[in-house]
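The sequence and structure come first.

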Amino acid sequence: MTVARTGPTFSIQDIPFSHRGSWFSISPVVATHAHAPDLHLVSHQTGMHPVLRLTPTADATVTATPALLTWRHPGGLIELTYDGPEAVRLRGRGLGLRIAAARDTLTPFSGSYLYADPVTGAYVLTSYETGRRYRITPLTGDLRAVGAEALGTADRALLLPADQPWEIAVEEYRTARRPYPADRDFDQLVRAMAADFASFVDALAPWRGPQTPAAELAAYVLWSATVAPAGFLTRPAVLMSKHWMNKVWSWDHCFNALALAGADADLAWDQFQLPFDHQDPTGALPDSVAHSEVLHNYVKPPVHGWALRQLRRRLTRPLSRAQLSDAYQRLARWTGFWLDHRRVPGHQLPHYQHGNDSGWDNATTFDGARVIETPDLAALLLLQLHQLAELAAELRRPEEAAQWSRTAGGIRAELFGELWDGQRFTARGARDGQARSSSSLLDLMPIVLGAELPAEVSAALAGGLKRHLTAHGLATEPVDSPHYAADGYWRGPIWAPATILIEDGLRRAGHTGLADEISQRFRALCEKSGFAENFDAETGAGLRDRAYTWTASSYLLLAADHHHRRHHRPG
């Protein structure tokens, strides 16, 4: 049996076990916020679907590393590793395993059908929910089936014994494939998977060390959440999670692209481009893209100009002129959406139609009204217009560069002339023009403008941010606010993207001490509580999805930048 260490140990309750490129994972998380008592093979094709329930014949303790999952019992153990992205291998000694269909009932529209394949000698489960087949091939030991060819409600399972060693392969595929080739032994597969991950983490975080104890686990969250091109995702994609947040949202992807830029330029560029592949005729990006759906019910904020500037700085090789031209055209169309379709006639400032458009779904900024012109949107669009002007000049389109700059000037004048009240920014109703103030961190997001801010505005924003700073980081609503909720989504918890944008803006505005403090606290938070979707601002506990890639990426970005500042200071 394998005993060698294969990477950082992690909790399978929080982080699914998977392989780069795979569309399935091994996890007890079987639906939104739902943990099953047993681990399941969970597929992310056509949604999130538990397909196979894996139940040892005796109570066992589960441990997980990037290359090996183990059930351990005093009398024996079961081990699982991947054989590439479409298959897993399992072996056991002294501990049996029951592999059952996750659903008991087969209907014309749901469930799975189990049969013995007379061609390969394996058993196959066909899943209505995923539209895929799952072949279980015995390699050694006895494999007994229950419920083969049964219809309706029935027990469908494969049984492996505890009284003899056994080994099997489980594959996910579409319609047919050649018999499983057992040409490598189990330990070779473990070593290959460990080497694949080690190569990835070495490229992603070569600076890691004792001062960055969560770097390898952050890298694993990204590596294991990556899927091969399939369905609407026509490029390799880093999902937000291989739990229920198994999509690419049209601002989340930017942070993953930035984290990957120094390790894999092609993969990073693919992450940046993914939502642009589904840009609609108006220039709008989708709200999200998944294996089998593209949603345009909302949009997401225009962080892409900021992100492209950051990405070019971090990539290991420069973008080609063709790539720059393509990015310029796509970014111009996305900006045109906000200018042409989200500005009231006669208004300079664009508006959101709902909190979901901002990415800050339920922030208190949207309590008084939903259709509003907000300072964060104006500031992000300004950064995007500046980036477009620079790209147009670089591509030798001076008239377009001048037009982007003129548009930016109008928006800037309105932002500071109408939304700044002398102490903080306010939002404004898109229809009635009524000013609306809140205590949300969202209203302080113009700090992203950095050195472009007037000195008095910059100082006021930095002061306002301190009210949001807890021992763990930036609360999205101050803890002393009457609207604060510990698990209130954007009404209190700490989030990675806000942290990254604000830390960067503060640093460019010259508030380096506060930027350093925010970076340090967020890094410590991740080292304590992992890579949750968001965190309790007072306790630091991880909330919601516990394996969120933009959180892992944000940790890696802050840790890498901190390392480089420490080791590459002038003089």
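How many bridges join strand β21 to β22? Two bridges join strand β21 (residues 427-429) to β22, and the strands run antiparallel.

## Basis

This is a predicted model, in which local features need pLDDT of at least 70 and side-chain atom pairs count only at pLDDT 80 or more, while totals for chains, interfaces and linings use all residues. Residues are numbered from 1 along each chain as its sequence is written, and side-chain values use heavy atoms, with hydrogens and water left out.

## The β20-β21-β22 sheet

Strands here are DSSP runs of E with at least two residues, and helices are runs of H or I with at least four, both numbered from the N terminus. Two strands pair if DSSP finds at least two bridges between them. The order β20-β21-β22 makes an open sheet of three strands with antiparallel pairing. β20 (372-373) and β22 (435-436) are at the edges with a single partner strand each, so one side of each has no neighbour in the sheet. Ala427 has Arg436 in β22 as its bridge partner.

## Strand β14

Eight of the eight residues of β14 (residues 166-173) are buried, so the strand is largely enclosed by the rest of the structure. Buried means under 20% relative accessible area, exposed over 50%, and partly exposed in between (1.4 Å probe, protein chains only). Trp166, Ile168, Val170 and Glu172 point one way from β14, and Glu167, Ala169, Glu171 and Tyr173 the other way.

β14 pairs with β7 (residues 87-93) in the antiparallel sense over six bridges, where Leu90 stands opposite Ile168. Seven bridges join β14 to β11 (residues 132-140), also antiparallel, and there Ile136 has Val170 as bridge partner. The charged end of Arg135 sits over the ring of Tyr173, 5.4 Å from its centre (the rule: NZ of Lys or CZ of Arg within 6 Å of the ring centre and within 35 degrees of the ring normal).

## Aromatic pairs

Rings of Phe, Tyr and Trp (its six-membered ring) pair if their centres lie within 6.5 Å; planes under 30 degrees apart count as stacked, over 60 as edge-to-face and the rest as tilted. The count by this rule is 29 aromatic pairs. Phe255 and Trp550 form an edge-to-face pair, 5.8 Å centre to centre with 90 degrees between the planes. Phe255 lies in helix α3 (residues 252-260) and Trp550 in helix α13 (residues 549-567), so this pair ties together parts 295 residues apart in sequence. Both Phe255 and Trp550 are buried, and nine of the nine residues of α3 are buried.
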